[in-house]
Amino acid sequence: MKHPARTHGLDLGDLEPAPSQVFGAIRLIPLLRRRVLGDLRLDRRRLRAAITVVGVDGDADDPTTAYVGFIPHALVVSWEPDGRPVAAQGAHLGARHFGGKARHVQLLHRMAKRVDRRRFRFLPQELALEGYLQLHFGGPTVAWSEYSAEALRRGLSPRAERVIPGASIDGLEDALRVFEIHPDQVGVMILVADVLAGVTVFPHPEDYRALHRALLLDFYGDVVLRYGLYHPPADLASEPTTIPRSLDDLRAGLAAERAAWRDHTRLFAAGLVDVPLRWQSVHHAGPFTLRRFLGDLDPGRESHIGEAIVRDDGTFEYLKTFRLGAAQARRAWLLGRLAEGSWSLDACAEAMGIPRAELIERLAHAGFGYLLKPHVLGEAGVR
Amino acid sequence: MHADRTPTPAEAAARVAHEDLLIFINACFACTGQREFYSDGHQQTVAIGFLHEYIRGNYRRLYALCLAAGINDYNRGRILVELLVHAGDVDRAARREEGALIAAALAELPPPRAYRVLAALRVRRVNNRRARAIVREYLDGRRDLAFDAVKYRGKLRALARHAHLRLPGEVGSFVAQGWKQRRYATPLFDAFRRAHHSAEAIYELPYTVAEGLAARMKIDRAVFLERIAGKMTRAERMRTQESARRAGAALEFDLAAAPLTRLALHVLGLPEATRRADLERLDAAMRASARRALERAPLRLGSVVCVLDRSSSSAGSEEKRRRPLAVALATRYLVEAASDDATFLFTPEGDGHPLLLGPSGQTDLATPLLGALGRGPELLLIVSDGWENDPPGAAARIARLYRRHLDPGRRTAILHLNPVFEATELGPKAIDPAIPTLGVRDAEDLPTLLAFARFVDGALGIDALEANLEARAAAMLGRHARRRARGPGADDARPAEVDEADPVDEAEDREADR
């Protein structure tokens, strides 16, 4: 089935939010799924190298573009085409493919790769991040004279971004430790000081239980780090306005309170549910498609990027999102504006309604000064 | 009671004293300074340490009386140390009362803990006449000092040196020289000496001493366990069940004789397959143990509904593994034995036998609370760590609204028992102020806790609490006097109101947790 390339927000569909659990500044909202098919399962492979290099473009062993990063783990997806539950869990994969001895640098072919007929592996989060990093990666398409020779020859390479490992976020480890996992739980929304840091969904409750603590190995945007030091989340409980006359009134109140959690969750997830998203399919396997998405990267709003395994009927079997920091969103947005104006500084400044010097200054502040020739920077007063 | 006028300073002071003391006693029911699911051991120690200092500094007499309040041994030991270390500015009469309480409480403590309290005198550099007299009196009251000298040799030696004790008979030279002395007339001392050369003599020693020597002599674990079995206390035998099974040794062990909460911990520690296969036997043992607990501390209840929390957090911590769940389970059996009309609601609901349940899932207290209230019982007991999250605060609201609007006359008494001491709150975490919360370490303490609940409920004031503590203290002193009248060695025939058939067992149970 063809999945749409653009959607308005994420439709969490049959994922049912349960009341959140708060510990310190962290709020975790469990996502439950009542009917689990079980024909797709995830398994984690730890990568033990300090640095992993993934060939993104070109020949497998001699890539023209490579993605380099600290990648803590890979996920292996096992699936059955006819909807039967997956039986053997990660049986014969083992250290033959990766893992094994600890190395300093590990080379992997491509972000998503078929392992055998019923399995493929991918690098969680890196897939989405790479989608974000490769935006306009080629650099200027027209050789305007303002651009440095380096920028024209090599584009934006190397393009680097900083992410925060979950372990550095104040209180996240404790919050994950004391979190009480629901029996039907397949996913979780992580909020830090009531700001959405990410959503994770796994295909099966067992996968979730196994990978719950691995959420600490995930990456989060730098905003989240700072928000973690802020005030504890709000108390959402509200006192009833009417006096109960019987136990039935109390029962009705409890039911209403449970229902209210759906609205709370929608409110928390507004930055992900109510924005336009652009999708790209990365890998197909039977009825499942591994896809990644980018938000609209508007620096004035929350920006999320992410990846998902989507079933033919549109339900999410796997989902992981990453919240970009404001600076990261701004960089992508600036590149987008430049690309729209065919990389002409004048056209772009005009379209944005700002003086050319300010655009140059903004580019320099966003870390793209290296794209421009020194005298161009000097002209805008940037050293 | 002071709602319509401003309380006088005296009334206000009484109220503050009442609340302070309740916080303290409540903390002393549950806290053992060990790590909990939601807080680490250091936080726990700091919090309980503060409470002890605060209460000792402000309400010294009441603090001493708390020794008889039925609090756990960890805190009794702590009170004893605090009282002995801070002995100054207490007047003569007060000192006499305090001294008697200390001696009585010390004698009732399990020996390892009592010795540890006395050893603290050395660490804290306390060496006054009263302290030395208390050490002497304690050792005089021991049933078999030679046995103590072997089992607690290091502690006894340190104590003898610190308090300048003249130990009777060969005990003095034994603690000083140990196995290096050539000849002992006391058979146990001689066995200890021989055990350093001969593998046979090991089996005449207490288990804990023999274990180290056996390891040094590289005796096969299975052989050792089977032969030492006769020298093991009940708790030791219970504790080594699993390691004996792994080593391939068979240890006879009477489940039903174990204390209830201890037994629940043991059952929960068994692999699920074993529990399933042995279900009938384990269930019968739990019932028998509950009946025995009630024989020692009688309790009769009317209609009861228990809401028992078995969520993930009831797994406890590495130091208190599964204790919250074990307390819930033990409460279930105790209440079942004490009432003809009891209902039990686990949350999350489990299918199958209660002994097959494990800790898992979220904490939904609201649903079972509504279910329980719907049955209109006389007593509603909630055993939970108080962290409700599905939805958060819902049970609190329900309890509050129910109390205020649906049952202001208190037809249903609600009591929350919390096996977890919350360091940041200096007490067990409450679900809501509308429900009195009591800390609990062993489900067997339920009769004491129910009696104490009246004070927490606000129905009785500080005078009643003080009178109650005095009565309990008098009872404790009476027990001690009777014990001394019978002479040393009378602990084995202790009166029925003192629980714990085997003090050594109990002590080691508690030690085993750490």
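The cover over the buried residues of H18(B) includes H16, helix H17 (272-277) and H19 of chain B. Buried means 20 or more other C-beta atoms within 10 Å of a residue's own, exposed means 12 or fewer, partly exposed is in between, and C-beta atoms are placed from the backbone. Helices are DSSP runs of H or I, at least four residues, numbered from the N terminus.

This is a predicted model, where local features need pLDDT of at least 70 and side-chain atom pairs pLDDT 80 or more, while totals for chains, interfaces and linings use all residues. Residues count from 1 along each chain as its sequence is written, with chains lettered from A and ligands numbered from 1 in the order written.

Which residues of H18(B) are buried? They are B:Leu282, B:Ala285, B:Met286, B:Ser289, B:Ala290 and B:Ala293. An α-helix has 3.6 residues a turn, so residues three or four places apart point the same way. On the other side of H18(B), B:Glu280, B:Arg281, B:Ala284 and B:Glu295 are exposed.

Now H16(B), residues 260-269: nine of its 10 residues are buried, among them B:Arg262, B:Ala264 and B:His266.

B:Ala264 is also one of the residues touching the most other members of the largest nonpolar core, which has 142 residues. Such a core is a set of buried Ala, Val, Leu, Ile, Met, Phe, Trp, Tyr and Cys joined through C-beta atoms within 7 Å. Helix H19 (residues 323-338) of chain B gives this core its largest share, 11 residues.

Technical notes
Helices (H or I, at least four residues) and strands (E, at least two) are DSSP runs, numbered from the N terminus. Two residues are in contact if their C-beta atoms, placed from the backbone, lie within 7 Å.
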